[in-house]
Amino acid sequence: MGHFADSLTFSGRKVVAAWASLPFPVFRGSSLPDALSAHQDVPWKSLSSGRQHKVSSCFAQSVVLRGVGRESPSSSRGQQPPTPLHTCESPEQLLHQFLHSHFPGAFSTAHVLQQPCHTMPPFPQFFSPLLTSQGFLQDKALGRSSAGPHRAVESIPVLAALQSSPVLHTLLWGLCRDLRPRDLRRWSSFFAAGVEQDDFQEALEELKTLSQCYETGFGAAESEDEADSD
């Protein structure tokens, strides 16, 4: 994973954030272009610590979509494709085009896998009753019948990504800000582990410098808010 993260970082950056849509919201029988074109924004949430942020830009990313049918819907000869995504020749090209529309200029790798993510026990069953056993959306929730409880979700489509983006400036700066007022003399376990006060302060400075590597004009207003809170 460390080598994978290194392939997505440059210009002094060392950290990537994890994102996932678990499950990826798609109706059963939807084709891949239909499934992607149905979303105005990328429908994922951050798996990294910190507040949730809407990501409007990134430097580099690697994205995988699995468990969604690749086939395109049939169309009449001469009929105009409903969206540019419906003109793509391969699933990877389709996902790449989708990513480019949301993150223009970013370095992106895209992979599409037919096999879904299996969620059989001991995977926790925290899914909505709006999902079928294959993890697809349906119009109405499946109610409990006299025949027994609601069937477990056995697999789900998933959209996941590792991303180097300006959002990491907020996360790293917040971590540095939270650690700065700590007095190591009150925590004997730090000294027992061999941590010295000078080493701690040096690490904080390195963390601050690392956070600045992710700062762009897009996050200027947010950075000012962080400075005010300090």
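**Exercises on a predicted model**

**Exercise 1.** Find the sense in which strand β3 (residues 60-66) pairs with β4, and the bridge partner of Ala60 in β4.

*Solution.* The two strands pair in the parallel sense, over seven bridges. Within β4, Ala60 has Phe107 as its bridge partner.

**Exercise 2.** Locate the largest nonpolar core relative to domain 1 (1-164) and domain 2 (169-213).

*Solution.* First, list the core: it has 37 residues, and Phe24, Leu36, Trp44, Leu65 and Leu95 touch the most other members. Second, note the elements that give two or more residues to it, among them β1 (17-21), α3 (91-102), β4 and α6 (197-212). Third, assign domains: both domain 1 and domain 2 give residues to the core, so it lies between them.

To see one of these residues in detail, take Phe24. Leaving aside neighbours within four places in sequence, Phe24 is in contact with residues including Leu36, His39, Leu65, Val68 and Val158.

**Exercise 3.** Classify Cys117 and Cys176 as buried, partly exposed or exposed.

*Solution.* Buried means under 20% relative accessible area. Cys117 has 22% and is partly exposed. Cys176 has 2% and is therefore buried.

Methods: Residues numbered from 1 in each chain as written. Predicted model: local features only at pLDDT ≥ 70, side-chain atom pairs only at ≥ 80, totals over all residues. Heavy atoms only, no water. Pairing = 2+ DSSP bridges. Helix = DSSP H or I, 4+ residues; strand = E, 2+ residues; numbered from the N terminus. Core = buried A, V, L, I, M, F, W, Y, C linked by side-chain atoms within 4.5 Å. Buried < 20%, exposed > 50% of the residue type's maximum accessible area, 1.4 Å probe, protein only. Domains from an automatic or database assignment. Contact = heavy atoms within 4.5 Å.
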